[in-house]
Every structure is written in structure tokens, then in C-alpha cells.
Amino acid sequence: AKGATVAADALGSGKGGSIVLLSEDLTSMKGRLSARGGPDGGDGGFVEVSSKGGLRFARTIDVDVSAPAGTAGSFLIDPTSLHLIHDVMDSGDLDIELPDTTQSPDFGGNTVTDYQINTLNMATTLFAAGGIVIDNNVAVSITKDLLFNASGGTIAFAAGGKITTTTTLTLKSAGSISIGAD
């Protein structure tokens with residue numbers, strides 16, 4: 001729920017813990033998830049938001065796996081399939097729910113926007129047992145590792161989309177990887 005917090009933060013020194021949200025039908029994440037490393041030492045933890053059905057996020061995904069005195073942790077988004085789209089709204093603090101497209105025959109409504117990815121300051125894995133579609137006009141630019149993994153399907157990257165990172169970008173697929181021409 002909006003305003004709710006789940007924390008697995010280290011106190012003093014130590015590694016942040018793990019938080020896993022997993023549902024059969026729908027995971028709706030509008031609160032804050034925190035698995036921070038300890039202020040006196042220790043790495044950040046691990047956060048996973050998953051569903052065999054659909055995922056919904058607030059416009060800004062509030063996950064913290066930082067480590068003030070260590071290495072930041074990681075964040076995993078893991079639906080059955082995933083659709084990365086361009087956020088047509090102006091950036092800001094507007095907290096909205098993505099349209100309910102959980103009945104879509106195409107990708108199960110597991111839609112994440114480029115704005116949401118751009119606001120994450122942590123290593124992020126976008127994992128889907130099915131396929132991953134990256135729409136045209138998507139503009140992702142982050143300074144942490146980004147992994148797209150379609151373990152049982154394909155990755156389709158439409159022409160006009162752009163993903164940049166100053167570290168490592170990995171596209172991994174059990175099927176094909178298709179990158180559209182401009």
C-alpha cells in the first residue's frame with residue numbers, strides 16, 4: 001500500500017537482507033522496500049518483485065539497496081513477461097498506478113516505463129520467463145549494471161529505443177534477440 005515500508009536493513013555493520021514479493025495473480029508495489037547495508041560497513045541486500053500474473057508499480061519505484069560503507073545491492077523485477085515502454089508524462093513526483101492491462105493477451109500487462117528504470121540507482125535485472133519487448137522511443141540512461149533476461153522467450157528491441165549505461169548492459173535470451181534498425 002502507498003506509504004507502507006518493508007525493511008531488511010542492517011543495523012551497525014552487516015549486509016542488508018533480502019525482500020521477495022511474489023504472487024500468483026498480481027503484485028502491486030506502491031510502498032517502499034529497503035535492504036540497505038549497515039552504516040558502519042556491509043553491502044546492500046537484495047529486493048525482488050515478482051508475479052506469475054501481473055505487476056503494478058507506482059510511477060516512481062521506491063527501492064533502496066544502497067550501502068553507505070559498502071557495495072550497493074541489487075533489484076530484480078520478475079514477471080512472466082515484460083513490456084518496457086516510454087513514459088509520456090513529464091517527470092516529477094506524481095504517484096500513479098500504471099494502467100491495468102493485466103488482461104492484455106500480448107504481454108500480460110507487466111509494463112514498466114523508462115522513467116521508472118531511470119530513477120533506479122542500483123544494479124537492476126529485468127527477468128521474464130517469457131519474452132521482453134522494448135518499445136520505440138524508450139530512453140533508458142543509468143549508471144549501474146542493467147540485465148534483460150528472457151529465460152524462456154525472446155527479446156525484441158524496437159527501432160528508435162535507446163538504452164545507455166556507464167557500466168554493463170546485458171541482453172540474455174533463451175530464444176532470439178531482435179534489435180530494430182533506425
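Which residue in E6 is the bridge partner of Thr27? The partner is Leu55, and the points below set this pair in its surroundings.

1. Basis of the model. The model is predicted: local features need pLDDT of at least 70, side-chain atom pairs count only at pLDDT 80 or more, and totals for chains, interfaces and linings use all residues. Residues are numbered from 1 along each chain as its sequence is written, and side-chain values use heavy atoms, with hydrogens and water left out.

2. Confidence. The pLDDT, which is the predictor's confidence in each residue from 0 to 100, averages 84 in the protein, and 87% of the residues score at least 70. Mean confidence is highest in strand E1 (residues 5–7), at 96, and lowest in E6, at 83. Over residues 90–108 the pLDDT is below 50, and this stretch has 42 contacts in the model beyond near neighbours in sequence. A contact here means heavy atoms within 4.5 Å.

3. Overall content. The protein has one helix and 18 strands. These elements are DSSP runs numbered from the N terminus, with helices (H or I) of at least four residues and strands (E) of at least two. Of the 182 residues, 41% are buried; buried means under 20% relative accessible area, exposed over 50%, and partly exposed in between (1.4 Å probe, protein chains only). Among contacts in the protein with a separation of 6 or more, 62% are between residues 24 or more positions apart.

4. Strands E3 and E6. Strand E3 (residues 26–29) and strand E6 (residues 54–57) run parallel and are joined by four bridges.

5. The three-strand sheet. An open sheet is formed by three strands in the order E1-E4-E7, with parallel pairing. Two strands pair if DSSP finds at least two bridges between them. E1 and strand E7 (62–64) are the edge strands, each pairing on one side only. Neighbouring strands of this sheet are turned by 10 degrees against each other on average, direction ignored; axes are lines fitted to C-alpha atoms, for helices over the stretch in contact, and angles run from 0 to 180 degrees between N-to-C directions. Strand E4 (residues 32–34) is joined to E7 by three bridges, and Arg32 has Asp62 as its bridge partner in E7.

6. The six-strand sheet. Six strands form an open sheet in the order E2-E5-E8-E11-E14-E17, and the pairing is parallel. E2 and strand E17 (169–173) stand at the edges with a single partner strand each, so one side of each has no neighbour in the sheet. Five bridges join E14 to E17, and Leu147 stands opposite Thr170 in E17.

7. Nonpolar core. The largest nonpolar core has 32 residues, of which Val63, Phe75, Ile117, Ile134 and Phe148 touch the most other members. Strand E14 (residues 146–150) gives the most to this core, with three residues. Such a core is a set of buried Ala, Val, Leu, Ile, Met, Phe, Trp, Tyr and Cys residues joined through side-chain atoms within 4.5 Å. Setting aside neighbours within four places in sequence, Ile134 is in contact with residues including Leu84, Phe148, Phe157 and Ile163.

8. Asp114. Asp114 lies in helix H1 (residues 114–118) and counts as buried because its relative accessibility is 3%. Its side chain makes a polar contact of 2.7 Å with that of His86. A polar contact is a pair of N or O atoms within 3.5 Å; within protein, one must be able to donate a hydrogen and the other to accept it, and residues adjacent in sequence count only if both atoms are side-chain atoms. A polar atom of the Asp114 side chain also lies 2.9 Å from the backbone nitrogen of Ala139.

9. Two loop residues. Asn137, in the loop between strand E12 (132–134) and strand E13 (139–142), has a phi near 70 degrees, a positive value in a residue other than glycine. Most residues other than glycine have a negative phi. Gly17, in the loop between E1 and strand E2 (18–23), is partly exposed, with a relative accessible area of 22%. The C-alpha atoms of Gly17 and Ala35 are separated by 5.4 Å, although these residues are 18 residues apart along the chain.
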